[in-house]
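Let's take a walk through this fold together, one stretch at a time. Have the structure open beside you as you read.

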Amino acid sequence: MVARLVIAAPSSGSGKTTVATGLMAAFAQAGLAVSPHKVGPDYIDPGYHSLATGRPGRNLDAYMCGPELVAPLFAHGARGCDLAVVEGVMGLYDGASGLGELASTAQVSKLLRAPVVLVVDASSQSRSVAALVHGFVSFDPQVRIGGVILNKVGSDRHEALLREAMEDVGVPVLGALRRAPQVDTPSRHLGLVPVAERRADAVAAVAAMAEQVRAGCDLDALLALARTAPPLGGRPWEPGSALGPGQSARGSAAALRAQPDPALPAFEEGGSGGKAPGSGRNGVGTTPARRPVVAVAGGSAFTFSYAEHTELLAAAGAEVVTFDPLRDEQLPPGTGGLVIGGGFPEVYAAELSANERLRKAVAELARSGAPVAAECAGLLYLARSLDGQPMCGVLDADARMSGRLTLGYREAVAVHDNSLAVAGTRLRGHEFHRTVIEPGAGAAPAWGLVHPERRVEGFVQGGVHASYLHTHWAARPEVARRFTEGCAG
């Protein structure tokens, strides 16, 4: 039993992140163990959540992981905590395009049986706020909106008018926040600037959010509402249990292929068998004599990752070591595999390029056939160049910034055997970038995208799997075992 709240809003830009992060920090400062969560694939907000609570920020994504994993993943992250705060995504009822409520904050609140607090941008309205809240309350009776926090309130008189209007709706007002520029966080082309890039300023911003929430919200009433959430039942997700019995990477990936997701249409597949090209240099499926070292890129340029990925790698037998491509000139000693997630390499292209020793070390590791998993920012780092700056040169491709945002969920199938999965493995992921890479796919593409458009993208080259597609390994935990076993060299 974990007390829990979902912080939602009628639309993006209403102040969810400020309120959710402020609540997390205020309750943590009051001595509660607070578990932070974010609906959807967002990587940046969880960094602020982690700063507020001292615990890893975790995502709950019903599209990528499936609705059945939302509650177990939540329980895994919230284990031992007094309170969990879940920040929603977009508007309360907005989900995956064309798929109804799937992946919406409303769906997640129902899966968690959690009360919702609606954050309403009250600027430029008074009595109309009651009509707006009434509509959200009545739209889906299974979503329990337990209270409202009025944000961007202009004055005491404005607050009085808003509270008077809300009396007719019967939804309690649990807080009223004035406009406060000191809690604003800077943004750029993909959203907020990550904590890792502005830690001192981020600490100050989170402290200001906590103070604003303490001053304007009824924390006792919010905690009492959180404690009305009933027991969830079921068992928490466990990385070791998710991996299943100790089977070979070939066998576990083949099991994925034998049980395709019926929601994904077929795609023409290349390659066959279970052995990833270039991986498993001592034989895929063998038990390594020692824990293989998996180097995971971090630092300011590579801030996008899911906590479950490293947990799964460790459960699969890897020794996970983080390194910073902006500062470290060599890969960690004994590196047998490399994971380079998302982030902002375009912001640090000159610095990444200047670290020539590390670029050469990465290229040498890739040439050896070691498994390398690169997503989005990692794809750019492995390219020949990024905005004219030399990168690792692993891929015969060049990347550059563009004016177009590519954003959305994707349904995909592995076209060729690779270090993560065999051909035919199906999963769901998302894209989120303002860059382009030319060509967009190699001779052996990483994925065939089947929805919302049909195309191939990414690169499979030796042990390298590089793609724009972000994936959540909790949905397909066997890929962590396959990758780890391929690192035993």
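I149 stands opposite G175, a residue of strand 7. The two sit where strand 6 (residues 145-153) pairs with strand 7 in the parallel sense, over four bridges. Here two strands count as paired if DSSP finds at least two bridges between them. Helices (H or I, at least four residues) and strands (E, at least two) are DSSP runs, numbered from the N terminus. This is a predicted model, in which local features need pLDDT of at least 70 and side-chain atom pairs count only at pLDDT 80 or more, while totals for chains, interfaces and linings use all residues. Residues are numbered from 1 along each chain as its sequence is written, and side-chain values use heavy atoms, with hydrogens and water left out.

Seven strands form an open sheet, in the order 3-2-4-1-5-6-7, with parallel pairing. Its edge strands are strand 3 (58-60) and strand 7 (173-178), each of which pairs on one side only. From one strand to the next, the twist averages 25°. In general, strands of a sheet pair through backbone hydrogen bonds, either parallel or antiparallel.

Across strand 6 and strand 7 lies helix 6 (residues 156-166), which runs at about 155° to strand 7. Such angles run from 0 to 180 degrees between N-to-C directions, with axes taken as lines fitted to C-alpha atoms, for helices over the stretch in contact; contact means heavy atoms within 4.5 Å.

Next, look at E87, which has its place in strand 4 (residues 83-87). Is this residue buried or exposed? E87 counts as buried because its relative accessibility is 1%; buried means under 20% relative accessible area, exposed over 50%, and partly exposed in between (1.4 Å probe, protein chains only). The E87 side chain makes a polar contact of 2.6 Å with the side chain of T17, and another of 2.7 Å joins it to the side chain of H49. A polar contact is a pair of N or O atoms within 3.5 Å; within protein, one must be able to donate a hydrogen and the other to accept it, and residues adjacent in sequence count only if both atoms are side-chain atoms. Leaving aside neighbours within four places in sequence, E87 is in contact with residues including K16, H37 and D45.

Finally, visit strand 12 (residues 335-340), where six of six residues are buried. Strand 12 runs parallel to strand 10 (residues 293-297), joined by four bridges, and L338 is the bridge partner of A295. Three bridges also join strand 12 to strand 13 (residues 372-375), again in parallel, with A373 as the partner of V339.
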